[in-house]
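Please read it beside the sequence and the model.

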Amino acid sequence: MDLVSRGLLSTVGVFLGMLVCGEIGRRIGARRLARDPKKLAEGAGAAEAAVFALLGLLIAFTFSGAASRFEDRRHLVTEEANAIGTAYLRLDLLPADAQPELRQLFRRYTQVRASTYMTANQPAGSRFIAGESQGAVKARLAEAAALQQVIWNRAITALRRPETPGPAMVAVVPALNDMIDITTTRVMATENHPPIIVFLLLIGLGLVGALLVGYSTAINAQRDWFHSTVYAAILSLTMYVIVDLEYPSLGLIQMKADQLLVELGKTMS
């Protein structure tokens, strides 16, 4: 079973769990009503207000953070494409005989960087999640790091040649530094997620909320499946979108920004 199916299955599991909690809450309320019809609402309002206020706050916090990190990762792709493109253009300042090898290295490097995250974005995997996808990403990151070192060494050697113009050092070295540094920034941005306890707390509060919804509807003579189902559906889908934003391509949300690197590589050929 791939990760997309697992994500959807987990969402269905949370949805069903909320329905079960709602039914449990209703039965608890029904038993209390049977003992004393006047005792159901005592103290329930304060508890519900506290739980749902905390649930709303946690949803706002996690959703806002996930959306912000998603946009930051997209912007980093643009920054990396710009950094590689700038460094590639500044190779013109190097001696003519040193440029062909470096340009070939740049083409290979751009292809590796594009394939790194395209591999992680396949529907069968997600960035830095254990499995074949993680191994492929690590292999490409290692290859990119090796290419960075080769490019740096070749460029520094060319810059030290007597015929290299003086301004070349000032222009080329910072561009190469930016190109190399952005890779670390992207890796850290990819791994930047809230602790797992935050997601567990979100699910736990959703289940407790469902329990309270069922408890409140116990006063009705017939089961109120509509409110319980709507609550469970909205909460489970919201949780799914939050997780999907945190781990793009784990589910329905796809990050296609790395296509910029593919297009950049085509301009180098």
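1. In which helix is the place of valine 172? The model discussed here is a predicted one, and in it valine 172 belongs to helix 5, which covers residues 167-191. With a relative accessible area of 1%, valine 172 is buried, because buried means under 20%. Leaving aside neighbours within four places in sequence, the contacts of valine 172 are Arg90, Leu93, Leu94 and Leu159. Valine 172 and threonine 86 are separated by 86 residues in sequence, yet their C-alpha atoms are 9.0 Å apart in space.

2. Leucine 176 deserves attention next. Apart from neighbours within four places in sequence, leucine 176 is in contact with Ala87, Phe106, Ile151, Trp152 and Ala155. The largest nonpolar core has 30 residues, and those that touch the most other members are Ile84, Phe106, Ile151, Leu176 and Met179. At least two residues of this core come from each of helix 2, helix 3 (99-120), helix 4 (132-159), helix 5 and helix 8 (259-268). Helix 4 contributes the most, namely seven residues. As background, nonpolar side chains in soluble globular proteins tend to be buried together.

3. Glutamate 80 is located in helix 2, residues 44-89. Is glutamate 80 buried or exposed? Its relative accessibility is 0%, so glutamate 80 counts as buried. The side chains of glutamate 80 and arginine 186 form a polar contact at 2.7 Å. Beyond the neighbours within four places in sequence, glutamate 80 is in contact with Tyr109, Arg113, Ile182, Thr183, Arg186 and Leu261.

4. Threonine 62 is also part of helix 2. Threonine 62 counts as buried because its relative accessibility is 3%. Which backbone oxygen does the side chain of threonine 62 reach at 2.8 Å? That oxygen belongs to leucine 58. A polar atom of the threonine 62 side chain also lies 3.2 Å from the backbone oxygen of isoleucine 59. An α-helix has 3.6 residues a turn, so residues three or four places apart point the same way. Once neighbours within four places in sequence are set aside, threonine 62 is in contact with Val198, Leu202 and Ile242.

5. The aromatic rings form two pairs by the rule applied here. In one of them, the ring centres of phenylalanine 52 and tyrosine 231 are 6.1 Å apart and the planes stand at 85°, so this pair is edge-to-face. Because phenylalanine 52 lies in helix 2 and tyrosine 231 in helix 7, the pair ties together parts that are 179 residues apart in sequence. Phenylalanine 52 is partly exposed, at a relative accessible area of 29%, whereas tyrosine 231 is buried, at 13%.

6. Helix 7 comprises 22 residues, 225-246. From its first C-alpha to its last, helix 7 reaches 32 Å, close to the 32 Å expected at 1.5 Å a residue. The buried residues of helix 7 include Ser228, Ala232, Leu235, Met239 and Ile242.

7. Over the ring of tyrosine 88 sits the charged end of arginine 103, at 5.0 Å from the ring centre.

Definitions and conventions:
Residues numbered from 1 in each chain as written. Predicted model: local features only at pLDDT ≥ 70, side-chain atom pairs only at ≥ 80, totals over all residues. Heavy atoms only, no water. Helix = DSSP H or I, 4+ residues; strand = E, 2+ residues; numbered from the N terminus. Buried < 20%, exposed > 50% of the residue type's maximum accessible area, 1.4 Å probe, protein only. Polar contact = N/O pair within 3.5 Å; in protein donor to acceptor, adjacent residues only side chain to side chain. Contact = heavy atoms within 4.5 Å. Expected span 1.5 Å × (residues − 1). Phe/Tyr/Trp six-rings, centres within 6.5 Å; stacked < 30°, edge-to-face > 60°. Lys NZ or Arg CZ within 6 Å of the ring centre and 35° of its normal. Core = buried A, V, L, I, M, F, W, Y, C linked by side-chain atoms within 4.5 Å.
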